Amino acid sequence: MLDQFEGMHTQVLGISVDSVPCLKAWADSLGGITYPLLSDFFPHGKVASDYGVLREEGKSERAIFVIDKQGIIRYVDVHDIDEQPSNDELFCVLAELEPEAAAAQQIATPPPQPEPTADVVLYCTQWCPSCRRARAYLKEHNIEYVEVDITRDREAAKRVRGWANGNETTPTFNINGKIIVDFRLDQVNQALGIK
Amino acid sequence: MVLKVGQKAPNFTMKSHKDELVRLSDYLGKKNIVLAFFPLAWTPV
């Protein structure tokens with residue numbers, strides 16, 4: 001798995017608020033970790049705070065940032081703290097940054113999909129909590145919709161960035177041509193004709 | 001607030017578990033970075 005990251009000209013860095021001795025002991029307990037585990041211990045949680053992922057309790061969220069070679073953030077995943085993020089999705093994003101390397105590595109990424117023509121299209125990620133609420137809301141009101149996973153479909157991510165000021169905001173709705181960025185209940189209800 | 005796609009990634013300097021000093025700027029122009037924050041060592045998922 002790490003070879004694949006190397007093949008994509010990508011360095012994996014782990015980071016937590018644990019001290020270096022603690023990280024060392026943990027890495028040893030796991031039989032050694034080849035990629036660097038960085039200690040955000042002193043000043044406590046400063047880097048987590050800079051990235052906006054320091055929790056009140058003084059530890060960080062379980063989050064992944066993909067940073068390109070120009071130092072720009074190209075993807076953010078703030079995951080459920082009790083779940084492990086998926087690597088497959090990460091490679092979709094890396095393939096976008098390094099298309100030749102992806103081809104050389106035969107990294108299989110989903111083929112580009114045309115923009116759906118359904119009445120209600122929901123642009124989401126697997127991990128975003130507001131997306132879960134959006135799905136539940138549409139289901140509750142028996143609204144049929146087509147879901148697009150913007151982590152996997154990077155063309156769709158580009159469309160969302162176009163609508164959302166450069167952000168990959170989810171959920172983003174396309175309801176009969178009306179674009180609603182973020183789960184704005186009043187706008188969604190109006191577009192769907194729900195009182 | 002969590003940083004967003006398109007923003008500049010703040011530079012950092014931290015010690016790694018291998019006792020090496022690691023800076024984000026070390027990788028500029030060379031490698032993409034997957035920066036994986038995890039809450040605490042030994043916390044099971």
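I count two strands as paired if DSSP finds at least two bridges between them. Strands themselves are DSSP runs (E, at least two residues), helices are runs of H or I with at least four, and both are numbered from the N terminus.

I am working on a predicted model, where local features need pLDDT of at least 70, side-chain atom pairs count only at pLDDT 80 or more, and totals for chains, interfaces and linings use all residues. Residues are numbered from 1 along each chain as its sequence is written, while chains are lettered from A and ligands numbered from 1 in the order written.

Entry: chain B. I looked up its elements and found three strands and zero helices. Along the sequence I read β-β-β. The C-alpha trace spans about 35 × 30 × 15 Å along its principal axes. Of the 45 residues in chain B, 31% are buried (20 or more other C-beta atoms within 10 Å of their own, C-beta atoms being placed from the backbone).

Entry: the side facing chain A. I find 36 residues of chain B in contact with 56 residues of chain A; contact means C-beta atoms, placed from the backbone, within 7 Å. Two elements of chain B give two or more residues to this side: β1 (13–16) and β3 (32–37). β3(B) gives the most, six residues. I sorted the residues of this side into 22 nonpolar, six polar and eight charged. Here Ala, Val, Leu, Ile, Met, Phe, Trp, Tyr, Cys and Pro count as nonpolar, Asp, Glu, Lys and Arg as charged, and the others, Gly among them, as polar.

Entry: strand pairing. Which strand of chain A is joined to β1(B)? I find β2 (residues 37–39) of chain A, antiparallel to β1(B) and joined to it by two bridges. A:Leu38 has B:Ser16 as its bridge partner in β1(B).

Conventions
Buried ≥ 20, exposed ≤ 12 C-beta atoms within 10 Å, placed from the backbone. Contact = placed C-beta atoms within 7 Å.
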